[in-house]
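Subject: Structure handover

Hello,

The structure we spoke about is below, followed by notes on what was found in it. Please read the notes with the model open.

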Amino acid sequence: MIRKKAFMVAGTVAGIVCAIFFASGARPAHAQTVPTANAQTSAASSTDCGITPASLAQINVIENDPTLTPSQEVVQELAMRKQLIIQAITCAQSDIRSLQSLLSAVPTSTDAERSIKSQLQGRIDDASNFYLLELGKLGGAGIAGTKTIAGDVLAWREGTYVPLEGQVGDFILWAGNQQLFATAQERMTETQQAVSFIESASNNADLQSVFNAAYASFETAKNGNSAAEAGLQQSLPPDQTLVLIKQSLDALQETYQQFFKVSGIIQNLLPQ
Amino acid sequence: MKISELFSQFKRINPDPQYSEKSKRMVLSSLRETMPVRERGVMVFLRALETGAALVLAGFFILLATGGFSGNKYLAPVQYAVIDPSGLQAEAQAIDIQIRLANLDYSEVTSTAAQSTTPTISAVMRPLMAAGLGTASSTSGGTASSTSGGTASSTASSTPLTVDQALQALSQ
């Protein structure tokens, strides 16, 4: 009796499992998973820090003040220069914190994304340490020393920080594209199935041709996307990586133009 | 024979004593066949499972019947999403936004790159010149601003400098 009951229950459960299978298999293949594009905020290499030409002119005023003795002049000018350099570096450190928070907010889902993000985070930490070291040098510096420190920081920013900033911007943009590529891949798979089904019923040259164009441009887009990923991993100059990102997006846009055409053809073929 | 007599004869009907004894034994023996505790537990579990499963299945069919889930749409060979223009439009728009961001970023990056080259140094130096700092030989921009009126000079001197502009001035 128990066995009979067990068979009945097993049958019912199997029915439910089948039902759930169909339900899950029938999830909306395209569930409007359009991601919100990441707002790409360019980190501020040109942030103003409250230093105006007037505040710099104070140095000139000290230099030309006839009431000051030469030693007083040196002491006051040195103090003024140090204060302004500290102000500039503090402002630059604030930029770094903004850059850090922008990067931290980027979601990662693949090993490649995590690796690039971690690499960039490490370089931002290095940048932060560089500023601390330069601030530390200010303590024992004379007027010539402060000029050297300002020149070193400026050169380092141009050679290291500005490219880093650009690379972080590229990564944020590229990471935002990945969901678009995933959605496009899903759509490509569905479209391919639909086209195959229709083609098996009756050959339609237009449909096949448009689908081939969509497929080709999507391959171009994916190649561009992979090249941009490699560019980010190899820390290529930011403008080079950006060109690759742009090319991949242009090709993806072209893919969607072809999807629109495929959709139109299929709608015409289907019974109204 | 009257019916009343017939009924009164029915009262005298008795079962066969042998059969009566046999059926009594059968009834009593069946009562002694009680189920073991373990099997009763299994039965309770199976009943609960069956009831739960039946409820889930019923819910699923109710959803199906009321249109809460339309299987046809997904089981059809030509998937609905392929010919869904609104979905396509939304995805294409998201790509457009990214392209605009990329273009924006590109122009910023190129302008940053250009800033590091000499042609824009004059732009960096101009406000500093107005404030009496920087080298007079760098560009003609300095001469132009130094010859401009006091109003222009005061406006330039109150304009905040970027980190790089400030460092540039402080390195000289």
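Along its sequence, chain B runs α-α-α-α-α-α-α-α-α, that is, nine helices and zero strands. Helices (H or I, at least four residues) and strands (E, at least two) are DSSP runs, numbered from the N terminus. The model is predicted, so local features need pLDDT of at least 70 and side-chain atom pairs count only at pLDDT 80 or more, while totals for chains, interfaces and linings use all residues. Residues are numbered from 1 along each chain as its sequence is written, chains are lettered from A and ligands numbered from 1 in the order in which they are written, and side-chain values use heavy atoms, with hydrogens and water left out.

Among chain B contacts (heavy atoms within 4.5 Å) between residues at least 6 apart in sequence, 38% join residues at least 24 apart. Chain B exposes about 11,100 Å², 62% of it from carbon and sulfur atoms (Shrake-Rupley method, 1.4 Å probe; for residues, only the protein chains shown count as cover).

Chain A has seven helices and zero strands. Buried residues are 44% of its 272, and of the contacts in chain A between residues at least 6 apart in sequence, 79% join residues at least 24 apart. Chain A exposes about 12,900 Å², with 57% supplied by carbon and sulfur atoms.

Within chain A, the axes of helix 5 (residues 143-201) and helix 6 (residues 205-233) come within 10 Å and cross at roughly 155° (axes are lines fitted to C-alpha atoms, for helices over the stretch in contact; angles run from 0 to 180 degrees between N-to-C directions). That angle makes helix 5 of chain A roughly antiparallel to helix 6 of chain A (over 145 degrees; under 35 is roughly parallel, 65 to 115 roughly perpendicular, the rest oblique). The residues of this contact divide into 15 nonpolar, seven polar and four charged (Ala, Val, Leu, Ile, Met, Phe, Trp, Tyr, Cys and Pro count as nonpolar, Asp, Glu, Lys and Arg as charged, the others, Gly among them, as polar).

Between the chains, helix 3 (residues 70-104) of chain A packs with helix 9 (residues 163-170) of chain B at about 155°, axes 10 Å apart, which makes these two helices roughly antiparallel. Their contact residues are eight nonpolar, no polar and two charged.

Regards

Note on methods:
Buried < 20%, exposed > 50% of the residue type's maximum accessible area, 1.4 Å probe, protein only.
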